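Take a moment with the model below. The text then walks through rings, charges and cores.

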Amino acid sequence: MPSQTNKTKNKEKPHEKNNVCSHIYDFKFEHSNRRVAILIINSFKISEQPERPFADEDKTKMKKLFELLDFEVIVLENRKSGDLLEDLQAINRQIENNCDCLACVISSHGAEIPIASSSDTSPQPRHHVLYTEDNIIPTDTILQLFNDENCPNLQGKPRMFFIQACRSIFDIAPKSEVDEGYTIDLVQDQVDIDKVPEKTKETLADTHGRHEEEENNLSNCKPIEPVDFCLIPCYEDYLVMFSSSSGKLGWSNKGKGGWLMYCLFTVFEELLDTNFDNFLQILSRVCGKMATDLETSHDNKMYNETKSAAVIYHMLTKDLYLRPKSMMESET
């Protein structure tokens, strides 16, 4: 996973000077402080892909959720590539040092494709892209706009991206795009440690080195072929959450919208009036709800009764408690 090191790591971060709980992201309570949420909503039809009629439900749910959490919500809907990037750059310029955190919700058609370089003709890793009304934008292009280098006023502050978009790969069998899930029988048996085979109790090193014979065999091995993988962008103090795993479809349906947005909204709505857990624990509940509660109902047998597993990548450096400002003020 690529990372962006903090070029000014040795400098004291202004918002941390009076931070008593250094292991928790510090949110200020002044009314002038901002939380910004950007909603990128695309509902148009592209090539052979249908319209996304349920994207409006994503917009409604996410707007309500982030307003409840005291975010200033900015909606960018059905933009062309150039217009979308211009709007995002304008938001970047408006972010001042009083911004506590940034959230970005993306609801769109998407895919994973290799992005060729004119100077490098070797096999390239796949990158996730979003479809706009006229083209595609690499997801990483959007993420980079708000990293420490390009948006220094967000340095050391949490940035969260929630992406409801397919991650399918071109030129593979459609069956491979489907997450069929597994049926698991839950059995709660207490394990008696005294009955565990003795060998499993040993403390083992990660590696013991190789015997000379093994080294000789390895010297005759063929060169390793390039591995096909998807490059996931993630930077310091970032969290990126996808609605599906690499190579799989993301799902939405009437009454719920995108599954990731539906589960985010439902889980958070249940917790808003409680002294709830830190953010990553809540997102674990979101993943669990998607995995256990939702299943497709599709006319095509291949896509019927399939699942979607949310995936989280993060480089958060502290615990994050994302609550309404009124609740956080009452706790101090």
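Which charged end sits over the ring of Phe242? That of Arg167 does, 4.1 Å from the ring centre. A charge sits over a ring if NZ of Lys or CZ of Arg is within 6 Å of the ring centre and within 35 degrees of the ring normal.

A word on the source. This is a predicted model, where local features need pLDDT of at least 70, side-chain atom pairs count only at pLDDT 80 or more, and totals for chains, interfaces and linings use all residues. Residues are numbered from 1 along each chain as its sequence is written, and side-chain values use heavy atoms, with hydrogens and water left out.

Now the overall build. The protein has 7 helices and 12 strands. These are DSSP runs, numbered from the N terminus (helices: H or I, at least four residues; strands: E, at least two). Of its 332 residues, 45% count as buried. Buried means under 20% relative accessible area, exposed over 50%, partly exposed in between (1.4 Å probe, protein chains only).

Next, the rings. The whole structure holds 7 aromatic pairs. Rings of Phe, Tyr and Trp (its six-membered ring) pair if their centres lie within 6.5 Å; planes under 30 degrees apart count as stacked, over 60 as edge-to-face and the rest as tilted. The ring centres of Phe66 and Phe71 are 5.1 Å apart and the planes stand at 75 degrees, so this pair is edge-to-face. Phe66 is buried at 4% relative accessible area; Phe71 is buried at 5%. Tyr235 and Tyr238 are also edge-to-face, because their planes are at 70 degrees, with centres 5.3 Å apart. Tyr235 is buried at 9%, and Tyr238 at 0%. Ring pairs join Phe161, Tyr235 and Tyr238 into a cluster.

Finally, the cores. A nonpolar core is a set of buried Ala, Val, Leu, Ile, Met, Phe, Trp, Tyr and Cys residues joined through side-chain atoms within 4.5 Å. The largest has 46 residues, and Met160 and Phe162 have the most contacts inside it. Elements giving two or more residues to this core include strand 1 (34-41), strand 7 (159-164) and helix 6 (279-293). Helix 5 supplies the largest share, 10 residues. Leaving aside neighbours within four places in sequence, Met160 is in contact (heavy atoms within 4.5 Å) with residues including Phe71, Cys101, Leu239 and Phe279. A second, separate core has 33 residues, among them Leu84, Leu102, Cys234 and Phe242.
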